[in-house]
Each structure stands twice: as structure tokens, then as C-alpha cells.
Amino acid sequence: MSNEQYAYTLTLLQKVWVLILIAIYFAGFMNEYHFPGVREEALKGEDILWNAQRVLFFGLMGVGFLIDIVRMREDRKKAFIFLLLSLIMGGFSGLVSAIQFKLIAFLFGWLQMGDGIPGLDSGG
């Protein structure tokens, strides 16, 4: 393979990696929007978002591994960098996306600190 093909393959894989990472954060953001709070057992409907996050996480790890394989063909010292990044960024995606939701919701006035989300509260 020529260097041009390596560069194209690496760029394409990195774009897919970023897209999957955005999808993980979006799934976490939507999980926090629809099911605010932290819990051990999933609520009805929440398990779908949890499973989507797990599938996307393992997809992110797989694409990160493929990126590392392509990068190792050029330089062996660049091994397992994207796999480590995938593990760190994918592992903290739930926490980071929940914090992002809380910040955005506070900035747009969707909730005050300690309040629930309008329309989702059961109390009157």
C-alpha cells in the first residue's frame, strides 16, 4: 500500500471514531434528558439507551484498535494510543454527558439547581 492509501484509510477511520464518540455522548445526553439521575437498575425504556451506549463503546474500542493497527504499520511507537483514548473517553462518556446536560439545562433555564425537568415531573 502506498502512503497515500495509508493516509486516506487513517483519516477515514479517525472520522468514524469521532462519529461514534459523538453518538456515545449523544446517547448519554438523551439518557440524562429522559431519565435524570443515577440508579443501579434501569427504568422502563432506559435499558435501550444503556445497551446502545454499550454497543457504541465496544464499536469505539474496535475502531480505535483498527486505527492503532494502521498507525503501527508506519511507526511502532504509536501503538495503542487510540485504544487507550477510546477506553478513557468512552468510559467517562456517561459522566461527561450527564454533566453537559446539567450545564446546558441550567444555561437554557430548563431547570434550576435541584429541580426536575419540566414536563417530566409527576408532582403539581
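Me: What is the handedness of the crossing of α1 and α4?

Reply: In this predicted model, α1 and α4 cross in a right-handed manner. A crossing is given that name if the near helix is turned clockwise from the far one by less than a right angle.

Me: Which residues of α1 and α4 meet?

Reply: From α1, the residues are Ile24, Tyr25, Gly28, Phe29, Glu32 and Tyr33. Their partners in α4 are Ser93, Val96, Ser97, Ala98, Gln100, Phe101, Lys102 and Ile104. By class, this contact of α1 with α4 holds 8 nonpolar, 4 polar and 2 charged residues.

Me: What makes α1 and α2 roughly antiparallel to each other?

Reply: Helix α1 spans residues 3-34, and its axis crosses that of α2 at roughly 160 degrees, the two coming within 9 Å. Angles over 145 degrees count as roughly antiparallel, and the two helices are therefore placed in that class. The crossing of α1 past α2 is left-handed. In the contact of α1 with α2 there are 20 nonpolar, 7 polar and 4 charged residues.

Me: How do you know that α2 and α3 are roughly antiparallel?

Reply: Helix α2 comprises residues 46-74 and helix α3 residues 81-91; their axes cross at roughly 160 degrees and come within 7 Å. That angle is set against the cut-off of 145 degrees, and α2 and α3 are therefore described as roughly antiparallel. The crossing of α2 past α3 is right-handed.

Me: Which residues of α2 and α3 meet?

Reply: Those of α2 are Phe57, Leu60, Met61, Gly64, Phe65, Ile67, Asp68 and Arg71, and those of α3 are Ile81, Phe82, Leu83, Ser86, Leu87, Gly90 and Gly91. The contact of α2 with α3 divides into 9 nonpolar, 4 polar and 2 charged residues.

Me: Why is Gly64 called buried?

Reply: Gly64 belongs to helix α2. Its relative accessible area is 0%, and buried means under 20%, so the term applies to Gly64. Leaving aside residues up to four places away in sequence, Gly64 touches Trp17, Phe82, Leu83 and Ser86. Gly64 and Ile81 lie 17 residues apart in sequence, with 8.2 Å between their C-alpha atoms.

Me: What makes Phe80 count as partly exposed?

Reply: Phe80 lies in the loop between α2 and α3. Its relative accessibility is 43%; buried is under 20% and exposed is over 50%, so Phe80 falls in between and counts as partly exposed. Phe80 also has a positive phi of about 65 degrees, although it is not a glycine.

Me: How many helices and strands does the protein chain have, and what percentage of its residues is buried?

Reply: The protein chain has 4 helices and 0 strands, in the order α-α-α-α along the sequence. Of its 124 residues, 30% are buried. The chain exposes about 8,500 Å², with carbon and sulfur atoms supplying 67% of that area.

Terms used
Residues are numbered from 1 along each chain as its sequence is written. This is a predicted model: local features need pLDDT of at least 70, side-chain atom pairs count only at pLDDT 80 or more; totals for chains, interfaces and linings use all residues. Side-chain values use heavy atoms; hydrogens and water are left out. Axes are lines fitted to C-alpha atoms, for helices over the stretch in contact, and angles run from 0 to 180 degrees between N-to-C directions. Angles under 35 degrees count as roughly parallel, over 145 as roughly antiparallel, 65 to 115 as roughly perpendicular and the rest as oblique. Contact means heavy atoms within 4.5 Å. Ala, Val, Leu, Ile, Met, Phe, Trp, Tyr, Cys and Pro count as nonpolar, Asp, Glu, Lys and Arg as charged, and the others, Gly among them, as polar. Buried means under 20% relative accessible area, exposed over 50%, partly exposed in between (1.4 Å probe, protein chains only). Accessible areas come from the Shrake-Rupley method with a 1.4 Å probe; for residues, only the protein chains shown count as cover.
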